[in-house]
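Here is a protein structure to explore together.

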Amino acid sequence: NVVRNTLTAFDLAILIYFLAVNTIYLAFTLIAFFRPRPHRRRGTSRALGGVMRSPATPGISVVAPAYNEESTVAESVRSLLLLNYPLFEVVLVNDGSKDRTLDVAVRAFDLVRAPATFEQPISTQRIRGVYRSISGPDLVMIDKENGGKADAINAGINGARYPLVCVIDADSLLEQHALSRAVLPFIEDPETVAAGGILRIVNGSRVERGRVVDVRLPGNPLAAVQVVEYLRAFLAGRVAQSAMKMLLIVSGAFGVFRRDAVIRAGGFRTDTIGEDMELVVRLHRIYRERGAHYRIVFLPDPVCWTEAPDSVAMLKGQRNRWQRGTLQTLGFHRRMLFNPRYGSVGLVGLPYYLLFEGLGPILELAGYVLTMAGVVLGLFDIVFAQLLFLAAVVYGTLISLLAVVLEELAFRRYPRVLDLIKLAAYGIVENFGYRQLTTWWRFMGTVDYFRGRRDWGVMTRKGFSQ
């Protein structure tokens, strides 16, 4: 009886957990349904034209750290140089690549060595050289000793000459008007310190001259199911968190920051693999402790296309890394948890990440294992297991389908009916095996975090031309 009662109590807690996490995401989705419309009004051709013509539009330095990106660096930089923005530069940072990244960039853009004349307010690994393009003044490449992604970003911020810095991955593609859309919060409110855009998966789409010209779902099922994940995370999760003033992540693959704010904060932290989340939480912390007004927002219309992992090994490594990065950030800023001094960030945002992201894999995995064990051993009836299945799987499927509906109503990036049908199908099937697999990978990420693992892992890119 003691074992039965203990197991029943634990599974009841797991049932409540699944109901809570999916109800919260349902609330996020409902909030998000009312948010894209104002963004679309701000992103009209008239509004974007005003950005292009206004003398008050701030210059932006696009910082792209690159490590072993020979397959994508030329196409990515080419797409950046074609951005529709009145005043910008591209700062490519070669972080001690071991492949031909440096040579490919030098040949593709007529780069020549130039003197390093900029100050370095943020400490970084040694700068080996600075290259400038003789065919265009808006491209500079910083070649440095390897120090990791955060160190490379810091070197790019040091070398940036404009008041805003847009941090992206060198293997990503920004849409033509991405900067013009992303800069709007900074123009509307000078107290804005950071703004994030949406990531969309480029796998399967046709890319020409650094532009996505034909949006299609990935043919690889593993990459395709991630499209649904991204829609749910960005269009529902981050839109709602931004509206509630508790956005904790501005993705390192596409985010715009005030350069002076990042420098005063000390730059991106180099001893974490979750440097994007950690910086945003640190900015919240600094501004809250100062009692200063500030904004950190998410925008669903500036688009960055990125290559998603399409193999089990790469996806496993990515989710392990994400989990360890989240736990590191929660550990660094644990005193903010449940602290009213930090407003909605301390009372809601960080506790949400602690319970549903940090501890989530442990609770979910325990729920699956103990429920199956309880049914097999006859310690409780099948009805309870069915309730847990409804809360964990069916409820989760509903959230995924709503994210697909939100995408169709708000942005219609997938105009083909067949693609929408496939998206809906992936929103269903991801809950039958895929979610459980990623839960296991995140659980192992938790184990690796407590073991002290700190390495980044390997992500092999195929390149956009493929």
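A crossing of two helices is left-handed if the near helix is turned anticlockwise from the far one by less than a right angle, and right-handed if clockwise. Helices (H or I, at least four residues) and strands (E, at least two) are DSSP runs, numbered from the N terminus. This is a predicted model, in which local features need pLDDT of at least 70 and side-chain atom pairs count only at pLDDT 80 or more, while totals for chains, interfaces and linings use all residues. Residues are numbered from 1 along each chain as its sequence is written, and side-chain values use heavy atoms, with hydrogens and water left out.

**Helices α4 and α5**

- α4 passes α5 in a right-handed crossing.
- V73, A74 and R78 of α4 make the contact with T101, V104 and A108 of α5 (contact means heavy atoms within 4.5 Å).
- Helix α4 spans residues 73-81 and helix α5 residues 101-108; they pack at about 45°, with their axes 9 Å apart (axes are lines fitted to C-alpha atoms, for helices over the stretch in contact, and angles run from 0 to 180 degrees between N-to-C directions).
- α4 and α5 are therefore oblique to each other (angles under 35 degrees count as roughly parallel, over 145 as roughly antiparallel, 65 to 115 as roughly perpendicular and the rest as oblique).

**Helices α1 and α13**

- The axes of α1 (residues 2-33) and α13 (residues 343-358) come within 11 Å and cross at roughly 125°.
- α1 and α13 are therefore oblique to each other, and their crossing is left-handed.
- Y17, A20, V21, I24, Y25 and F28 of α1 make the contact with Y352, L355 and F356 of α13.

**Helices α14 and α15**

- The axes of α14 (residues 360-376) and α15 (residues 382-410) come within 9 Å and cross at roughly 160°.
- That makes α14 roughly antiparallel to α15, and the crossing of this pair is left-handed.
- In α14, G367, Y368, T371 and V375 meet I382, A385, L388 and A392 in α15.

**Space inside**

- The structure holds one cavity of 30 Å³ or more (on a 1 Å grid over the protein atoms alone, a cavity is a set of points where a 1.4 Å probe fits but cannot get out; lining residues have an atom within 4 Å of a point).
- The largest cavity contains about 30 Å³ of space (a volume is the space filled by probe spheres set on the grid points, which are joined across faces, edges and corners).
- L199, R200, I201, V227, Y230, L231 and Y414 line the largest cavity.
- β8 (192-201) and α9 (221-243) are the elements that give two or more residues to this lining.

Methods. On a 1 Å grid over the protein atoms alone, a cavity is a set of points where a 1.4 Å probe fits but cannot get out, and a pocket is an open set with protein on both sides within 12 Å along at least five of seven lines; lining residues have an atom within 4 Å of a point.
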